[in-house]
Amino acid sequence: MTNGTTRTSPLAGEVVAKNFEGWSPELRQEFTDNAHNYQVGSVLLSETDDLKVWSIHVPPGQRLPAHRHVLDYFWTALTDGSSIQHTDDGTTRRVSYRAGDTRHFTFPGEEYLLHDLCNDGPTELRFITVEHKRPHTAAPQEDQS
């Protein structure tokens, strides 16, 4: 994140480059242009007052463009695979997935995640992502009187 705050939810994968190393001018421009792109999946499958459910399908050699997460969310991998992900702080990561892997992310305050998803493996990457539109709150305490 370019605002200097610490991420509450650590990112997956191995860092393979820092400081925008290997980024093309076109990729850097995409991150500028998509700084407020909230389409975090390929297809919005369902939306309620509380949730958005996205399907993500990325064929080998293709990518999901840069997009911004501001809502708490989780994803579940539906297939095994691997990706390269760029984040707006100039970091590049290689991430491996196994079908069933699930990761949860929270974004308190002004925190966000701006990243892309590049399929660098031989099989299609497929995920279900669920965004929580309302902030979660602590469960009410039972009255002990």
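This report walks through the nonpolar cores, the cavity and the salt bridges of a predicted model.

## About the model

Because the model is predicted, local features need pLDDT of at least 70 and side-chain atom pairs count only at pLDDT 80 or more, while totals for chains, interfaces and linings use all residues. Residues are numbered from 1 along each chain as its sequence is written, and side-chain values use heavy atoms, with hydrogens and water left out.

## The nonpolar cores

Let's start inside. A nonpolar core here is a set of buried Ala, Val, Leu, Ile, Met, Phe, Trp, Tyr and Cys residues joined through side-chain atoms within 4.5 Å. Buried means under 20% relative accessible area, exposed means over 50%, and partly exposed is in between (1.4 Å probe, protein chains only). The largest core has 14 residues, and Trp75, Tyr97, Leu117 and Phe127 touch the most other members. At least two residues come from each of strands E3 (51–58), E5 (73–77), E7 (92–97), E9 (113–119) and E10 (125–132); E5 gives the most, with three residues. Strands (E, at least two residues) are DSSP runs, numbered from the N terminus.

Another core, of seven residues, lies apart from the largest one and has Trp23, Leu27, Phe31 and Tyr112 among its members.

## The cavity

A cavity is a set of points on a 1 Å grid over the protein atoms alone where a 1.4 Å probe fits but cannot get out, and its lining residues have an atom within 4 Å of a point. Grid points are joined across faces, edges and corners, and the volume is the space filled by probe spheres set on the points. The count comes to one cavity of 30 Å³ or more, and the largest cavity has a volume of about 230 Å³. It is lined by 21 residues, of which Tyr73, Trp75, Gln85, Tyr97 and His115 are the closest to its centre. Two or more lining residues come from each of strand E4 (63–69), E5, E7, strand E8 (102–105), E9 and E10.

By type, the lining divides into 13 nonpolar, six polar and two charged residues. In this grouping, Ala, Val, Leu, Ile, Met, Phe, Trp, Tyr, Cys and Pro count as nonpolar, Asp, Glu, Lys and Arg as charged, and the others, Gly among them, as polar.

## Salt bridges

Side chains of opposite charge can pair when their charged atoms come close. The whole structure has five salt bridges, each a side-chain nitrogen of Lys or Arg within 4 Å of a carboxyl oxygen of Asp or Glu. One of them joins lysine 133 and glutamate 47 (2.7 Å, N to O). Lysine 133 lies in the segment after E10 and glutamate 47 in strand E2 (residues 43–47), so this pair ties together parts that are 86 residues apart in sequence. Lysine 133 is partly exposed at 28%, and glutamate 47 is partly exposed at 44%.

Aspartate 116 and arginine 63 also meet in a salt bridge (2.8 Å, N to O), linking strand E9 with strand E4 across 53 residues. Aspartate 116 is buried at 0% relative accessibility, whereas arginine 63 is partly exposed at 33%. Arginine 94 pairs with aspartate 120, with the closest N and O atoms 2.2 Å apart; arginine 94 sits in strand E7 and aspartate 120 in the loop between E9 and E10. Finally, salt bridges that share partners join Glu30, Arg63 and Asp116 into one network.

Methods:
Helices (H or I, at least four residues) and strands (E, at least two) are DSSP runs, numbered from the N terminus. On a 1 Å grid over the protein atoms alone, a cavity is a set of points where a 1.4 Å probe fits but cannot get out, and a pocket is an open set with protein on both sides within 12 Å along at least five of seven lines; lining residues have an atom within 4 Å of a point.
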